[in-house]
Amino acid sequence: MNAPLNHPLPLLDLDVLRTFVAIAEKGSFTTAATAVYRTPSAVSMQIKQLEDILGRSVFARDARSVSLTTDGEMLLGYARRLLAINREAVLKFIVPDIVGVVRLGAPDDYGERVLPHVLKRFAQSHPSIAVDVTIDQSINLRRRMDDRALDLTLLTNSYKTSAIGAEVLLTEPIVWAGAKGGSAHLRDPLPVSVWEEGCVWRAGALEALGRQGINYRVAYMSAHAAGQRAAILADLAVAPLPGSFLGSDMVALGQKDGLPEIGNYSLAMVVTPDASAPVKAVADHIRATFEVFRDTGKF
């Protein structure tokens, strides 16, 4: 639809956009209708209204499925941003000003990669809450929670174990990371870069090498993600990393390269049972961050 520049453009209804996003995420008008507390016919009418305004089809429908059109894919990004801005604006007025200090724990890798984004946005929406961060290994963070030295913490768990009371935020495969164009994986014994004892990525990787009878040596050891990346990029070693941690200068190595599958790991969150309002606010913000990541692949 082309509108003259001097003609007032139509306004998109946020309620309709909420329904649109629900359908895109659920892949079904019926399931989305339940999620937004409307009847399927009402949901269909909302989407027709949206398509009439835009003059474009946003969904391709057949007897079994619903998928986004190219225009629908474009609209989805705008819709999520508009809904997020609306939520942020409304919260400024209707959420009481929460004051307090929250003690948050996180493993080094997520402390470096995720927390800066989380804490920046949280400070904007909750300026009266101070967040004190402790970076440590998951095994030590569990102990700190048990000692009530932390209010909540992120933990990495193997697919075999999970912390009591933990809420899984993300599950993904661990891969062998190597330098793009590198040759470390061709050496014998295999040079491996790992964390200290207690790291679930280390345990899974070394167990996989042992099962396949691959000779290896620990060529580089660091408890910090930056150190791991340095070893990989210098082609000194390969290292077990989550698939989402690989940058454009790394490649995922696997069975075709003579390396065994490692398996999955999960990132979980543990919140103290008697959480205060500030602690609950931080926990909700972290949940929302990982919901966006699961949808978009970006923090």
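The model is predicted, so local features need pLDDT of at least 70 and side-chain atom pairs count only at pLDDT 80 or more, while totals for chains, interfaces and linings use all residues. Residues are numbered from 1 along each chain as its sequence is written, and side-chain values use heavy atoms, with hydrogens and water left out.

## Salt bridges

A salt bridge here is a side-chain nitrogen of Lys or Arg within 4 Å of a carboxyl oxygen of Asp or Glu. That rule gives a count of 15. Here are a few of them, with their N to O distances.

| Pair | N to O distance |
|---|---|
| Glu 25 and Arg 80 | 3.3 Å |
| Arg 187 and Asp 235 | 3.4 Å |
| Asp 284 and Arg 287 | 2.7 Å |

Take Glu 25 and Arg 80, whose side chains meet in a salt bridge. Glu 25 sits in helix H1 and Arg 80 in helix H4 (residues 70-94), so this pair ties together parts that are 55 residues apart in sequence. Helices (H or I, at least four residues) and strands (E, at least two) are DSSP runs, numbered from the N terminus. As for exposure, buried means under 20% relative accessible area, exposed means over 50%, and partly exposed is in between (1.4 Å probe, protein chains only). Glu 25 is partly exposed at 42%, and Arg 80 is partly exposed too, at 26%.

Arg 187 is in the loop between strand E6 (167-179) and strand E7 (190-194), and Asp 235 is in the loop between helix H9 (225-233) and strand E9 (239-242), so the pair ties together parts that are 48 residues apart in sequence. Arg 187 is partly exposed at 36%, whereas Asp 235 is buried at 16%.

Asp 284 and Arg 287 are three residues apart in helix H10 (residues 277-296), which means about one helical turn separates them. Asp 284 is partly exposed at 45%, as is Arg 287 at 25%.

There's also a network of salt bridges, linking Asp 15, Arg 18 and Arg 38.

## A nonpolar patch

Leu 12, Met 74, Tyr 78 and Leu 82 make up a nonpolar surface patch with about 380 Å² of accessible area together. Patches take residues with over 30% relative accessible area and no salt bridge, joining like charges within 9 Å and nonpolar side chains (Val, Leu, Ile, Met, Phe, Trp, Tyr) within 5 Å. The areas come from the Shrake-Rupley method with a 1.4 Å probe, and for residues only the protein chains shown count as cover. Leu 12 lies in the segment before helix H1 (14-26) and is partly exposed, at 32% relative accessible area.
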